Amino acid sequence: MFIVSLTYISEMSEVDKHLEAHIQYLDKYYKLGIFLASGRKVPRNGGVILAKAENLDELEVILNNDPFKIHNLANYEITKFVPSKTVPELAFLIK
């Protein structure tokens, strides 16, 4: 499991130009079961993605396809963690 924290390094007008492509990118990896949750930070200075990938290398390849990364709009901080407790609906996250 990984928490990906994006922090914008560009003007919001530039981020907004690529927002639709970013949403399509997210949708692709939701369908593949890699992304489990995502959303904007408050205040809107970036976003967060909860991802389930085989390893860090796989996740980095996936993140390199993000339009925000391609256009150098955000920095990415990745935190790996091992879920040990969840609500019943998320029990599948525990190995």
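Leaving aside neighbours within four places in sequence, which residues is His18 in contact with?

View 1. His18 is in contact with Pro67, Phe68, His71 and Leu73, neighbours within four places in sequence being left aside; contact means heavy atoms within 4.5 Å. The model is predicted, and local features need pLDDT of at least 70, side-chain atom pairs count only at pLDDT 80 or more, and totals for chains, interfaces and linings use all residues. Residues are numbered from 1 along each chain as its sequence is written, and side-chain values use heavy atoms, with hydrogens and water left out. His18 counts as buried because its relative accessibility is 17%; buried means under 20% relative accessible area, exposed over 50% and partly exposed in between (1.4 Å probe, protein chains only). Helices (H or I, at least four residues) and strands (E, at least two) are DSSP runs, numbered from the N terminus.

**View 2. The largest nonpolar core and Phe35.** A nonpolar core is a set of buried Ala, Val, Leu, Ile, Met, Phe, Trp, Tyr and Cys residues joined through side-chain atoms within 4.5 Å. The core has 21 residues, and Phe35, Leu59 and Phe68 touch the most other members. Two or more residues each come from β1, α2, β3, α3 and β4 (74-80). Beyond four places in sequence, Phe35 touches Tyr25, Leu26, Tyr29, Tyr30, Ile49, Leu50, Ala51, Leu59 and Ile62. In soluble globular proteins, nonpolar side chains tend to be buried together.

**View 3. Asn65 in the loop between α3 (56-63) and α4 (67-70).** Asn65 counts as partly exposed because its relative accessibility is 39%. The side chains of Asn65 and Tyr29 are joined by a polar contact of 3.4 Å. Such a contact is a pair of N or O atoms within 3.5 Å; within protein, one must be able to donate a hydrogen and the other to accept it, and residues adjacent in sequence count only if both atoms are side-chain atoms. A polar atom of the Asn65 side chain also lies 3.3 Å from the backbone oxygen of Val61. Not counting residues up to four places away in sequence, Asn65 touches Tyr25, Tyr29 and Ile70.

**View 4. Ser5 in strand β1.** At 18% relative accessibility, Ser5 counts as buried. Its side chain makes a polar contact of 2.9 Å with the side chain of Lys41. Apart from residues up to four places away in sequence, Ser5 touches Lys41, Gly47, Asn75, Tyr76 and Glu77.

**View 5. The second largest pocket.** Of its 14 lining residues, Tyr8, His22, Leu26, Gly39 and Arg40 lie nearest the centre. Elements giving two or more residues to this lining are β1 (2-8), α2 (19-31), β2 (35-40) and β3 (46-51). On a 1 Å grid over the protein atoms alone, a pocket is an open set of points where a 1.4 Å probe fits, with protein on both sides within 12 Å along at least five of seven lines; lining residues have an atom within 4 Å of a point.

View 6. The peptide bond from Val42 to Pro43 is cis, with omega near 5 degrees. Most residues other than glycine have a negative phi, and most peptide bonds are trans. Asn72 counts as exposed, at 53% relative accessibility.
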